[in-house]
Amino acid sequence: MLGVAVRKLTGRRLLRYDRFDARSVAGYLCPPGEPGYRPLAVSVVRLRQVAEAVEFAGLMGFRSGAISTRIRSNIGGRMKVATEQEWQAARKELLAAEQELAAHERRVTEQRRELPWVPVEKHYAFATEEGPKSLPQLFDGRSQLLIYHLMYGEDWKTACPGCASVGDGLGGMITHVNGRDVTLIAMSLAPLEKLMATKTQRGWTMPYVSGYGDDFLFDYGFAFRREEMSGIARDEFDMGQLLREAPQWLQDYRDDVGAPDLQSAVSVSAGWSVFAMEDGAVYNTYRRYPPLAGPPYAPLLEFVPKR
């Protein structure tokens, strides 16, 4: 929905990675060729900020030249002061919207659970702390497997900082999801020794699995081979366009993760995949690519007034 809204405002496709701050909103709303124009490409962990800023700018009727200053002074800035009675009235109006949103989320959840199951007919092998494992073995005795695809390219020096913030919050969830017949793991393309070094450094406790040397991540759209990159175009992003334009933010991201070149910097995708086991057979039931929700603590920050 964000991509549709943005295309209505800008006429341009929403791409995949970017570093966003409110100061650069003007560039996103500039037509190509005007001073300050930037290709609209957003980070998978900061899409919510882009949505809020673009929506805010559109509602307030801002044009490119004035957006930066006014967003800085209004978003997270001046507050409304009211009486308790006025707050209660506003809260009642908000409650109706929250209840409507909750009902919609329940409908979407049921629609997601009704997706068809696709049999996994190929053998996959993964490197784990306990040694090599097949896909069925990753279930660890449970009937459902939930995988967080943490971006860490095979030749990167470090994991994606945004993805790592998600990893920071997964450990506390393990016991709870395990008790509900779900095995939760993280998976990356980088070799196991790199994953274990990162896990130790950050104090992670969730199982962390490497797909290095296997087709799994490529087959399910969470990794990309160099010879195929120029032709990859999804609803979420156009990789060929991204590499041709080579924007500064992508060059910065390459430096952040220590990738040797831009192709390496876009060689993996964040996301979630879900598998289920029934009568010994494994099925893929769901995959989620960017845009994604933020780290586990992000919903808590929605309660506070300052962004």
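This is a predicted model: local features need pLDDT of at least 70, side-chain atom pairs count only at pLDDT 80 or more; totals for chains, interfaces and linings use all residues.
**Entry 1: Glu 114**

I began with Glu 114, which is exposed at a relative accessible area of 62%. For such labels I took buried as under 20% relative accessible area, exposed as over 50%, and partly exposed as in between, with a 1.4 Å probe and protein chains only. Residues are numbered from 1 along each chain as its sequence is written, and side-chain values use heavy atoms, with hydrogens and water left out.

I located Glu 114 in the loop that lies between helix H5 (84-113) and strand E1 (118-119). Its C-alpha atom is 9.1 Å from that of Thr 285, although 171 residues separate the two along the chain.

**Entry 2: the whole chain**

I noted 14 helices and eight strands in the protein chain; these are DSSP runs, helices (H or I) of at least four residues and strands (E) of at least two, numbered from the N terminus. The chain has 307 residues, of which 42% count as buried. I then looked up contacts, meaning heavy atoms within 4.5 Å. Among those with a separation of 6 or more, 66% join residues 24 or more positions apart.

I followed strand E7 (residues 271-278), which is antiparallel to strand E4 (residues 144-149) and joined to it by six bridges. Strands count as paired if DSSP finds at least two bridges between them. Leu 145 is placed opposite Phe 275 of E7.

E7 also runs antiparallel to strand E8 (residues 281-288), with seven bridges, and Met 277 faces Val 282 in E8. The two strands form a hairpin with two residues between them, and Asp 279 in the turn has a positive phi of about 55°.

**Entry 3: the nonpolar core**

I found that the largest nonpolar core has 60 residues, and Phe 275 is among those with the most contacts inside it, as is Trp 156. Such a core is a set of buried Ala, Val, Leu, Ile, Met, Phe, Trp, Tyr and Cys residues joined through side-chain atoms within 4.5 Å. Leaving aside residues up to four places away in sequence, Trp 156 touches several residues, including Met 151, Tyr 253 and Val 268.

**Entry 4: cysteines**

Cys 160 is buried at 5% relative accessibility, and Cys 163 is buried at 1%.
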